[in-house]
Amino acid sequence: MRNIRRIEIRPAEPDDVLMMASVLVETWRSTFRGIISDAYLDAMTVEDQAIRHARRMRAAGVFHMVAADMATKKVIGLASYGRARGMPPAFDRELYTLYLLEEFQGAGIGSALVRTVARHCRDAGASSLFAWVLAGNPNRVFYERLGARVVGRGRVSVGGESYDQVAYRWDDLAMLSGAGNAAM
């Protein structure tokens, strides 16, 4: 039987930065091992990612949501989003990051994060949301299950290496956000 935990989806706070960085590093290592070079993954540090997240949290127009275990207050997942970068103007908002610790995947927490982001984007007047996802990401089907469709392909550089990526788009933020809950 799965251990049932209450999870809160909420805006990130400055005190969350180290936990957010830890989630990112752990998630990259568990998800991208064998896709991105081991040297790059092994060189990632929580400290470097914390600096990056702290800087991004201060950037205008960039928003962060976290999934936190209500019993332990630990951040177990995160999403960041804002104005679309590098895509045609029809793409209103971009989901920049979505990371969830492996042990919590498959429980609906990632979906709740995306739905919460979609609700915030819709409330701010956006009509669509898109995300770039590494083509080799084994979790790409997650976006498809939430109704996203492939709308583009590109390349991204990570650690000096170039990787294929896929752009997913949700056209109906009302539908995407309608089934989400702010607390689980």
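These legends describe close-up views of a predicted model. Residue numbers start from 1 along each chain as its sequence is written, and side-chain values use heavy atoms, without hydrogens or water. In this predicted model, local features need pLDDT of at least 70 and side-chain atom pairs pLDDT 80 or more, while totals for chains, interfaces and linings use all residues.

**View 1. Seven strands form an open, mixed sheet.** The order is β1-β2-β3-β4-β5-β7-β6. β1 (7-11) and β6 (149-158) are the edge strands, each pairing on one side only. From one strand to the next, the twist averages 25 degrees. Strands are DSSP runs of E with at least two residues; helices are runs of H or I with at least four, and both are numbered from the N terminus. Two strands pair if DSSP finds at least two bridges between them.

**View 2. Helix α3 (residues 46-58) packs on the sheet.** α3 touches β2 (62-69), β3 and β4. Contact means heavy atoms within 4.5 Å. The directions of α3 and β2 make about 125 degrees. Axes are lines fitted to C-alpha atoms, for helices over the stretch in contact, and angles between N-to-C directions run from 0 to 180 degrees.

**View 3. Strand β4 (residues 93-100) pairs with β3 and with β5.** Strand β3 (residues 75-83) runs antiparallel to β4, joined by seven bridges. Here Leu78 stands opposite Tyr99. Strand β5 (residues 129-134) pairs with β4 in the parallel sense over two bridges. Glu94 has Phe130 of β5 as its bridge partner. Eight of the eight residues of β4 are buried, meaning under 20% relative accessible area with a 1.4 Å probe, protein chains only.

**View 4. The largest pocket holds about 1,000 Å³ of space.** Its lining has 41 residues; the closest to its centre are Phe32, Leu98, Tyr99, Asn137 and Tyr143. β4 gives the most to this lining, with seven residues. Other elements giving two or more include α1 (17-32) and α5 (140-145). On a 1 Å grid over the protein atoms alone, a pocket is an open set of points where a 1.4 Å probe fits, with protein on both sides within 12 Å along at least five of seven lines; lining residues have an atom within 4 Å of a point.

Methods. Buried < 20%, exposed > 50% of the residue type's maximum accessible area, 1.4 Å probe, protein only. Points joined across faces, edges and corners; volume = space filled by probe spheres on them.
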